[in-house]
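Please open the structure in your viewer and keep the selection tool at hand.

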Amino acid sequence: MATYEADAGPIVVADPNERTSARITRAVAKVPLNLFLAFIAVLWLMPTLGLFFTSLLSPSDYISNGWWRIFSKPSLATFENYSNVWNTTDIPTSLRITAEIAIGGTILPIMAAALAGYAFAWIDFPGRDILFVIVIALLVVPLQMALIPVFHLYNTLHLYDTIFGLILFHTAFGLPFAIFLLRNFFIGIPKDILESARIDGASEIRIFLKLILPLGLPAIASLAIFQFLWTWNDLLVALVMARNTTPITVDIFSQLRQFGSNIDIIAPASFMSMLIPLVVFFSFQRYFVQGLLAGSVK
Amino acid sequence: MEPPVVAAPPSGDPGFLRRNLVAIGFLAPAAILLGVMIVYPTIYTFIRSFFGKDAHEGFLPKGDFTGIDNYKALFTTDILVTAIKNSAIWILVAPAAVTAFGLVFAVLTERIRWGVGFKAIVFMPMAISLFATGVIWHVMYIKDPNQGAVNAAIGAVKSWVSPAGALSSASPSTPALTGSPQSGYVLQKPIAAGKTALLGLTAIPPTDVPSGAKQVATPQPKQGAITGVVWRDFKPGGGVVGKPEQGELGLPGVHVKLIDSSGKTVQSATTGDDGSFTFDGVGGGSFKPGIAASTFAAPFGGISWLGSQLITPAVIIAYIWVWAGFAMVVIGAGLAAISREVLEAARTDGATEWQVFRRVTVPMLAPVLSVVFITMLINVLKVFDIVISIAPGSTQSDAAVIAVQMWRQSFGGVNDFGLGSAIAVFLFLLVIPILLLNIRRFRREV
């Protein structure tokens with residue numbers, strides 16, 4: 001749009017007055033659209049802000065006041081709920097566990113997927129395409145298909161209720177998408193670069209470490225953000241595979257079962273669980289979008 | 001299309017084995033993880049679905065073989081049938097709605113200067129867990145308009161369009177006035193212009209008396225008009241019924257109406273602070289003054305979003321809130337790829353914006369739209385967190401979808417792994433068409 005306007009500029013420049021009035025007309029014509037989109041933007045922001053404001057209300061105020069009353073004077077806002085949650089509940093521990101799961105569940109699948117993605121993209125071996133088709137097939141397998149057997153497996157192997165067990169599960173279910181994404185990215189690396197490295201006698205592992213990984217960094221970054229958000233935000237896997245070593249989502253979920261009386265814990269805890277994902281998201285939004293597009297549109 | 005398998009180099013090539021060893025080395029970590037954590041479990045779950053609750057779990061299930069009983073239960077148990085129906089609603093509504101929202105937002109953001117900011121706002125819910133989203137919307141949906149923002153907004157609009165009545169309930173103080181709060185009250189005996197009407201009400205708790213009510217005034221007859229008063233015909237310690245007295249309050253804000261002999265409302269008015277009202281310019285004939293039913297209209301009590309009737313639509317709305325941003329960004333990228341010349345050419349040819357959208361933009365976006373739609377389809381089948389976090393305990397069963405019941409039947413107390421497996425397999429079967437579609441797309445590329 002912007003480039004079009006710039007192109008159109010010189011054509012009407014002959015009459016500066018008309019140009020100005022045309023501009024004004026165009027700007028006025030856009031007022032309803034801007035208002036409409038502003039309305040939508042407010043609508044989209046409101047639920048999240050609402051939860052935040054709710055988290056600032058003391059339990060007694062919450063019972064009789066909607067969160068919008070927080071702006072009444074004197075303000076009802078208090079950070080007491082946050083200090084209570086931080087000092088008197090297990091939420092800080094859960095946050096630490098969540099972070100460990102998310103970090104492990106991000107690094108492991110990316111390592112395994114980068115290796116496999118390279119093999120699928122640049123090493124010839126019999127059955128390569130068949131194997132890749134299997135990976136694509138695994139892409140849509142609902143994780144519900146694995147819950148029951150892995151639950152038993154973990155009980156046998158003593159992985160139940162461990163951080164490592166949760167990491168492993170997220171790794172496995174993150175792999176198909178990760179392999180798919182990285183293979184498609186690696187295959188776009190110019191062939192000449194690889195061929196000349198091979199002619200120079202570089203080993204595959206050396207090529208992988210010195211060439212592919214650095215060149216594939218943008219894709220790896222996108223993937224890392226995805227995988228991090230996915231594992232951080234998980235509820236189902238942790239609900240099934242853990243009892244005491246639980247991430248924050250499970251903790252809030254058990255609070256939620258007695259909803260009504262404990263909103264002063266649920267609201268601040270939920271907001272605390274959202275903070276890291278929001279920071280990651282806004283810092284790396286560009287990579288996030290790139291990964292999204294690579295994953296869905298080809 | 002090239003042959004899918006690369007021809008093996010001539011045997012005896014010393015590099016052949018070495019090459020494949022390298023490939024095996026690169027693939028091994030992923031292959032082992034996928035094999036142990038996805039492929040084997042998938043096979044196990046499939047077999048397990050033909051065994052009952054008490055089968056022995058081992059490398060493969062043993063004992064209590066029940067054939068297709070679990071599948072029969074899946075389609076005959078009430079709560080499971082409800083879950084299947086709910087999933088069907090989700091499949092029909094959510095992917096299409098998300099795609100439509102995404103398309104509209106993507107097209108519109110291109111025309112504003114703050115498109116980047118708008119996109120960031122609409123996209124933001126993607127970063128939040130579906131579970132936290134559920135908590136957010138649970139708070140939004142609380143029934144009491146004083147607490148739930150959705151109902152507060154609806155209540156605000158509603159009180160603007162049709163405000164709540166001045167009174168919640170009352171009964172007539174004398175038999176001269178008949179009717180009910182639902183239908184309104186009417187004076188039984190018609191009166192003509194120049195007369196006055198005394199509309200006394202009782203059974204109004206003191207807290208229910210509208211604020212600003214003043215001492216009732218006895219209405220004065222007026223030429224060509226019907227005047228009257230609505231008042232609280234009650235005085236502590238007695239008093240005369242049917243007569244406005246010192247110490248009794250007029251009722252302000254009451255909707256009064258004037259009905260002619262054919263039963264038609266010819267005039268309406270609202271009482272003043274002392275309860276008085278006047279119908280001016282009344283013609284000949286006789287009329288019945290009365291109190292309109294809207295006087296007793298209850299204030300907005302809130303829609304029960306989290307009740308059994310609306311819970312699924314309510315959760316779907318929250319889901320759209322999360323995913324519209326995804327659709328918008330992906331479709332926006334597709335939109336950016338459409339050449340500006342094509343659109344400009346259509347505009348130059350005199351096409352309206354709507355025609356350009358309908359005949360040029362949408363057809364050119366078809367591949368992107370289908371990708372978004374299919375992605376959402378897969379996603380919707382697995383929807384779980386948002387359902388169990390929005391729905392309160394009392395309506396969990398009404399809100400449950402297939403994936404939720406899979407968890408509830410297997411781990412949520414029932415612990416029937418046979419039935420749980422059957423539900424998982426059913427879920428898997430639903431995504432198989434999409435799986436085949438993906439494979440075909442890949443095959444075409446190779």
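How many residues does the hairpin that joins β2(B) to β3(B) pass through? The hairpin runs through three residues. This is a predicted model, in which local features need pLDDT of at least 70 and side-chain atom pairs count only at pLDDT 80 or more, while totals for chains, interfaces and linings use all residues. Residues are numbered from 1 along each chain as its sequence is written, chains are lettered from A and ligands numbered from 1 in the order in which they are written, and side-chain values use heavy atoms, with hydrogens and water left out.

**First stop: the hairpin**

Select residues 177-180 of chain B, which form strand β2; four bridges join this strand to β3(B), and the two run antiparallel. Strands here are DSSP runs (E, at least two residues), as helices are (H or I, at least four), numbered from the N terminus. Two strands pair if DSSP finds at least two bridges between them. B:Leu177 stands opposite B:Leu187 in β3(B).

Now select residues 184-187 of chain B, strand β3: B:Gly184 and B:Val186 on one side, and B:Tyr185 and B:Leu187 on the other, are all buried. Buried means under 20% relative accessible area, exposed over 50%, and partly exposed in between (1.4 Å probe, protein chains only).

**Second stop: the neighbouring strands**

Select β7 itself, residues 255-259 of chain B: four of its five residues are buried. Five bridges join β7(B) to β8(B), residues 265-270, and these strands run antiparallel. In the hairpin of β7(B) and β8(B), B:Gly263 takes a positive phi near 90°.

**Third stop: the cores**

A nonpolar core is a set of buried Ala, Val, Leu, Ile, Met, Phe, Trp, Tyr and Cys residues joined through side-chain atoms within 4.5 Å. The largest has 210 residues, and those with the most contacts inside it include A:Ile179 and B:Trp90. Helix α7 of chain B, residues 311-337, gives the most to this core, with 18 residues. A second, separate core of 23 residues includes B:Tyr185, B:Leu258 and B:Ile291.

Finally, select A:Ile179: leaving aside neighbours within four places in sequence, its contacts (heavy atoms within 4.5 Å) include A:Phe120, A:Phe132, B:Ala30 and B:Leu34.
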